[in-house]
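Open the model in your viewer and keep the sequence panel beside it. We will go from stop to stop, selecting a few residues each time and looking at what is there.

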Amino acid sequence: MDNLLLILFLTAAASFFSTLILYLRSSSPSPSRSRRRSFTSQSHSHGHGQLPLGTLGWPIVGESLEFISCALTDRPESFMDKRRCMYGKVFKSHIFGTPTIVSTDAEVSKFVLQSDAKAFVPFYPKSLTELMGKSSILLINGGLQRRIHGLIGSFFKSADLKAQITRDMEKYVHKSMENWMQDQPIYIQDESKNIAFQVLVKALINLDPGEQMEILKKQFQEFISGLMSLPINIPGSQLYRSLQAKKKMARLIQEIIQSKRDGGMSNINVPKDVIDVLMMNNASDQPLTDDLIADNMIDMMIPGEDSVPVLMTLAVKYLSDYPAALQQLTDENIKLKELKAQLGEPLSWSDYLSLPFTQNVITETLRMGNIIIGVMRKAMRDIEIKGYLIPKGWCFFAYFRSVHLDESNYDWPYQFNPWRWQDNKDISNSSFTPFGGGQRLCPGLDLARLEASIFLHHLVTQFRWVAEEDTVVNFPTVRMKRRMPIWVKKREDYKLT
């Protein structure tokens, strides 16, 4: 990923300097060229709405270089914050290779995210759209998107799946932690990725750890390497290799689909995985093809690689840095463990989610970590929101990170403070959107909390640890620079404080 980032950066820099040279050579621009340059700095007016203030930057590359350079620092939001001070919470820019309206206004972003496909549709880089395919739930719109999203969302919220996830998560966590040694560092980012991927694949296609899982994991790593690659699809390119890996994964999943069909879907009363859900609700008037199901299963594996493991890893990072929070979370989980032992009962999914301070820690980790920094949409027509004009064809970038770290929304926003969420503070308001929002709200948000709760419970009740120094990297995705190494020691006894 670091090599890929370097390629992206150098490509952008090369484009910047070549464009700048051509730009400076034009010492006597023609009248038509002068008009084109001044056009980028003027305010456009359609009806009553005004194009937000801002600048489109340099020709072609816009402000992409400064955006990337800020993203490489520990304050990636500085690009947005600087312009927010100059132009307001909504401003225009030119990033991602397109003119863009950037929003750090929670209400404006909420309006856009709740809009239907007649107003806004997803916007992604070309390489990503090629990898996902036209039938991806991330790209499709209208009734088909709502149908698939609804079916998957309902299944992910079901008590049956939460019970299954709990059993699987406990099994994989135990298997991972029983191999942890005291004389060598444990890399939390690696451990959490391995656990979360196995749990998610089990929920999606009911595949257990084994040879097929290892093959799938290998192909998946090749697949996701192309998510931020250059949009060049020729033999030998990363995008080409990623597409070939996806074809191999799709064939494996289609074999699973056919095996289920041969076994008789009519005998299944309770779905065991997402494939079952989609096959059992496959209406004849709008059938879901095997290709569509297989492609979407692959796309939905991405949270098992990034979102959920990063949530677990960042929680360990913040708890390591704030001993008072770690102490209170440990006390809470030890009490639950002792209570269930006295009752002779195993922990259920509702037990894990019932721990208030643990949930506050997860919520604060989501706010501070900003695993999903924002989402992009493309305007399908001129849209006016709060007096701002979003022109047809422009990109809209809802930047969550600036909202989550805005001192007008949160006191001392850069301080990890899980106590800020006590007293039932509302986490459903528009100023807290760690999983996106609207019609495309992440259907697995409850499962992400559950998995993180289970992981933290077993970590703090089984081990003490000392964390090595590590830093958060925010671009192109959130991760730990050194994979979050910790040194663990098995707990022999524990006294509640």
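Helices (H or I, at least four residues) and strands (E, at least two) are DSSP runs, numbered from the N terminus. This is a predicted model, in which local features need pLDDT of at least 70, side-chain atom pairs count only at pLDDT 80 or more, and totals for chains, interfaces and linings use all residues. Residues are numbered from 1 along each chain as its sequence is written, and side-chain values use heavy atoms, with hydrogens and water left out.

**The whole chain**

Begin with a cartoon view: the protein chain has 20 helices and 14 strands. Of its 497 residues, 51% are buried. Here buried means under 20% relative accessible area, exposed means over 50%, and partly exposed lies in between (1.4 Å probe, protein chains only). A contact means heavy atoms within 4.5 Å. Among the contacts in the chain with a separation of 6 or more, 72% are between residues 24 or more positions apart.

**Aromatic pairs**

Now show the aromatic side chains. Rings of Phe, Tyr and Trp (its six-membered ring) pair if their centres lie within 6.5 Å; planes under 30 degrees apart are stacked, over 60 edge-to-face, and the rest tilted. The structure contains 14 such pairs.

Select Phe 67 and Phe 96, an edge-to-face pair with 5.6 Å from centre to centre and 70° between the planes. Phe 67 belongs to helix α3 (residues 64–71) and Phe 96 to the loop between β3 (90–95) and β4 (98–103), so this pair ties together parts that are 29 residues apart in sequence. Phe 67 is buried at 9% relative accessible area, whereas Phe 96 is partly exposed at 34%.

Next, go to helix α10 (residues 211–224), where Phe 220 and Phe 223 are 3 residues apart, a separation of about one helical turn. Their ring centres lie 6.0 Å apart with the planes at 45°, so this pair is tilted. Phe 220 is buried, with a relative accessible area of 0%, and Phe 223 is buried at 0% too.

**Charges over rings**

A charge sits over a ring if NZ of Lys or CZ of Arg is within 6 Å of the ring centre and within 35 degrees of the ring normal. Select Arg 483 with Tyr 187: the charged end of Arg 483 is over the ring, 4.1 Å from its centre. Then select Arg 367 with Tyr 410, where the charged end of Arg 367 is 5.1 Å from the centre of the ring it sits over.

**Helix α8 and its surroundings**

Select helix α8 (residues 159–177) and helix α9 (residues 188–205): their axes come within 10 Å and cross at roughly 145°. Axes are lines fitted to C-alpha atoms, for helices over the stretch in contact, and angles run from 0 to 180 degrees between N-to-C directions. Residues making the contact include Leu 161, Ile 165 and Tyr 172 of α8, and Ile 195, Val 199 and Ala 203 of α9.

Stay on α8 and pick Thr 166, which is buried at 4% relative accessibility. Beyond its neighbours within four places in sequence, Thr 166 touches Leu 347, Ser 348, Trp 349, Tyr 352, Leu 450 and Ile 454. The C-alpha atoms of Thr 166 and Tyr 352 are 9.1 Å apart, while 186 residues separate the two along the chain.

**Loops and backbone**

Select Pro 443, in the loop between α19 (400–404) and α20 (445–462). Pro 443 is partly exposed at 22%. Its contacts, leaving aside neighbours within four places in sequence, are His 149, Ile 152, Gly 153 and Phe 156.

Most residues other than glycine have a negative phi, and most peptide bonds are trans. Trp 412 is exposed at 68%. Lys 386, in the loop between β8 (383–385) and β9 (388–390), also has a positive phi, near 50°, and is exposed at 51%.

For the last stop, select Phe 475 and Pro 476, which are joined by a cis peptide bond with omega about 0°. Pro 476 is in the loop between β12 (472–473) and β13 (479–480).
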